[in-house]
Amino acid sequence: MNSPIYIDFFNLVLTSISNRTFAKLTLAKTIGKPELQNIYVRTITIENELKCSVIFKIYKEGLQELEKIIPLNKLSDELIPYINNPFMSAILFTTENDFVMKLNKKRIANISEMPPTFKKPDPNLI
């Protein structure tokens, strides 16, 4: 289900990148023990173009990391399929606030705001 809340959350991500307050994005909190345990997103500059580095942490006979470089405008398309299968939360860390999108037991998403964890933005945004 592609909830409007998912879109709101990824709009917060893109806004934080354009405002240069983005620190990182993490998808976590799985149910059970799937091979894919976490997804981490940071920015990367390739040929003077800002993109997203998406790191998939996979536990299969030890830790494996797969990196995928994607355009900023494709971030939600890339990550939304992982929400609810297997991830129950996504955390956007910015220098102003942290935004946590969690799915409850009925798989309904909500976004909460917390004080910032990071004081400095992603190094590629400085």
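Guide: A residue counts as buried under 20% relative accessible area, exposed over 50%, and partly exposed in between. By that scale K68 is partly exposed, with a relative accessible area of 38%. Keep in mind that this is a predicted model.

Visitor: Which residue does K68 form a salt bridge with?
Guide: The partner is E78, and the closest N and O atoms are 3.0 Å apart. K68 lies in strand 4 (residues 63-71) and E78 in helix 2 (residues 75-79), so the pair ties together parts that are 10 residues apart in sequence.

Visitor: And is E78 buried or exposed?
Guide: E78 counts as buried, at 15% relative accessibility.

Visitor: How many salt bridges does a search of the whole structure find?
Guide: The search gives 2. Besides K68 with E78, the side chains of E65 and K57 meet at 2.4 Å, N to O. E65 is partly exposed at 46%, while K57 is buried at 17%.

Visitor: What about charged side chains, how many positive and negative?
Guide: There are 16 positive and 13 negative ones, with the centres of the two sets 8 Å apart.

Visitor: Switching topic: in what order do the elements run?
Guide: From the N terminus on, they go α-β-β-β-β-α-β-β-β, which makes 2 helices and 7 strands. The radius of gyration is 14 Å, close to the 14 Å that the globule rule gives for 126 residues, so the chain is as compact as a globular protein of that length.

Visitor: How much of the chain counts as buried?
Guide: 40% of the 126 residues. The accessible surface comes to about 7500 Å², and 51% of that belongs to carbon and sulfur atoms.

How values were computed. Residues are numbered from 1 along each chain as its sequence is written. This is a predicted model: local features need pLDDT of at least 70, side-chain atom pairs count only at pLDDT 80 or more; totals for chains, interfaces and linings use all residues. Side-chain values use heavy atoms; hydrogens and water are left out. Helices (H or I, at least four residues) and strands (E, at least two) are DSSP runs, numbered from the N terminus. The radius of gyration is taken over C-alpha atoms; the globule rule is 2.2 Å times the number of residues to the power 0.38. Buried means under 20% relative accessible area, exposed over 50%, partly exposed in between (1.4 Å probe, protein chains only). Accessible areas come from the Shrake-Rupley method with a 1.4 Å probe; for residues, only the protein chains shown count as cover. Lys and Arg count as positive and Asp and Glu as negative; His and the chain ends are not counted. The place of a charge is taken as NZ of Lys, CZ of Arg, CG of Asp or CD of Glu. A salt bridge is a side-chain nitrogen of Lys or Arg within 4 Å of a carboxyl oxygen of Asp or Glu.
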